[in-house]
Number of protein chains: 2
Amino acid sequence: MSTSVFKVKVKAGREAEFESVLTALVAASNANEPGIRFYQGFRSDTPGEYVMLESFQDKAALEAHTASEHFLAHTPKVADCLDGPPEIQHLTDI
Amino acid sequence: MSTSVFKVKVKAGREAEFESVLTALVAASNANEPGIRFYQGFRSDTPGEYVMLESFQDKAALEAHTASEHFLAHTPKVADCLDGPPEIQHLTDI
């Protein structure tokens, strides 16, 4: 299994654009990827900060995700809204 | 929807006990609670640190969880393994 928590900060004034693109990516991913256990984006309690929870059945499912048409189409737009690199925590199933 | 990330530190030497009890709680919860979107426990890359990702369909599902027999049976055992209070981050769906 492959699970990560991404914490990101979004550039001031770009929040609505970020949420729109991320929502599209999340919807397309969940609709098309049977290897997803959980894949959702969230606002944190800190303004401008967002958290993405991602869990895939296995490494192949993660690779299918990052190679997908929707991922490749949306991720550059998501990245362009970010204020700095994401803080990524990798997790291992108990 | 109700989503939280719990980060906890486990007392040295209690890791196996903690993992065993948490695994039982996770299994019972997922088997019996249709309101769960995602409910899993993980090891982080830091020794003795664990992360629980919890997402419920709504507040009623979270309340059903915390009132469940399995939650009430296992949570005191989980809590007894912890080295300090959990760090809890509440998240809001985009």
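Glu17(B) is partly exposed, because 15 other C-beta atoms lie within 10 Å. By the burial criterion, a residue is buried if 20 or more other C-beta atoms lie within 10 Å of its own, exposed if 12 or fewer, and partly exposed in between, with C-beta atoms placed from the backbone. Glu17(B) belongs to helix α1 (residues 15–32) of chain B.

The model is predicted; local features need pLDDT of at least 70, side-chain atom pairs count only at pLDDT 80 or more, and totals for chains, interfaces and linings use all residues. Residues are numbered from 1 along each chain as its sequence is written, while chains are lettered from A and ligands numbered from 1 in the order in which they are written.

Chain A holds 3 helices and 4 strands. Helices (H or I, at least four residues) and strands (E, at least two) are DSSP runs, numbered from the N terminus. Along the sequence their pattern is β-α-β-β-α-α-β. Chain A has a radius of gyration of 13 Å, close to the 12 Å from the globule rule for 94 residues, so it is as compact as a globular protein of that length. The radius is taken over C-alpha atoms, and the rule is 2.2 Å times the number of residues to the power 0.38. Along the principal axes, the C-alpha atoms of chain A fill a box of roughly 35 × 30 × 20 Å. Of the 94 residues in chain A, 28% are buried. Contacts were also sorted by separation in sequence. Two residues are in contact if their C-beta atoms, placed from the backbone, lie within 7 Å. Among contacts in chain A between residues at least 6 apart in sequence, 71% join residues at least 24 apart.

Strand β3(A) is largely enclosed by the rest of the structure, because 7 of its 8 residues are buried. Two strands pair if DSSP finds at least two bridges between them. β3(A) pairs with β1(A) in the antiparallel sense over 8 bridges. β3(A) also pairs with β2(A), again antiparallel, over 7 bridges. Leu53(A) in β3(A) stands opposite Val5(A). Gln40(A) also stands opposite Leu53(A). The hairpin of β2(A) and β3(A) has 5 residues between the strands, and Gly48(A) takes a positive phi near 80° there.

The contact between the chains takes 21 residues from chain A and 21 residues from chain B. On the side of chain A, the elements giving two or more residues are β1 (2–9), α1 (15–32), β2 (36–43), β3 (49–56) and β4 (87–93). β2(A) gives the most, with 6 residues. By class, this side has 8 nonpolar, 8 polar and 5 charged residues. Ala, Val, Leu, Ile, Met, Phe, Trp, Tyr, Cys and Pro count as nonpolar, Asp, Glu, Lys and Arg as charged, and the others, Gly among them, as polar. Strand pairing crosses between the chains: β4(A) and β2 (residues 36–43) of chain B pair in the antiparallel sense over 2 bridges. Here Asp93(A) has Phe42(B) as its bridge partner in β2(B).

A rotation of 180° with 0.0 Å of shift along its axis superposes chain A on chain B (RMSD 0.0 Å). The two copies are thus related as by a two-fold rotation axis. Superposition is by least squares on the C-alpha atoms of residues with pLDDT of at least 70 in both copies. Of the residues of chain A, Phe38(A) comes closest to the axis, at 3.3 Å (C-alpha). Both copies use the same surface, as 100% of the contact residues of chain A recur in chain B.
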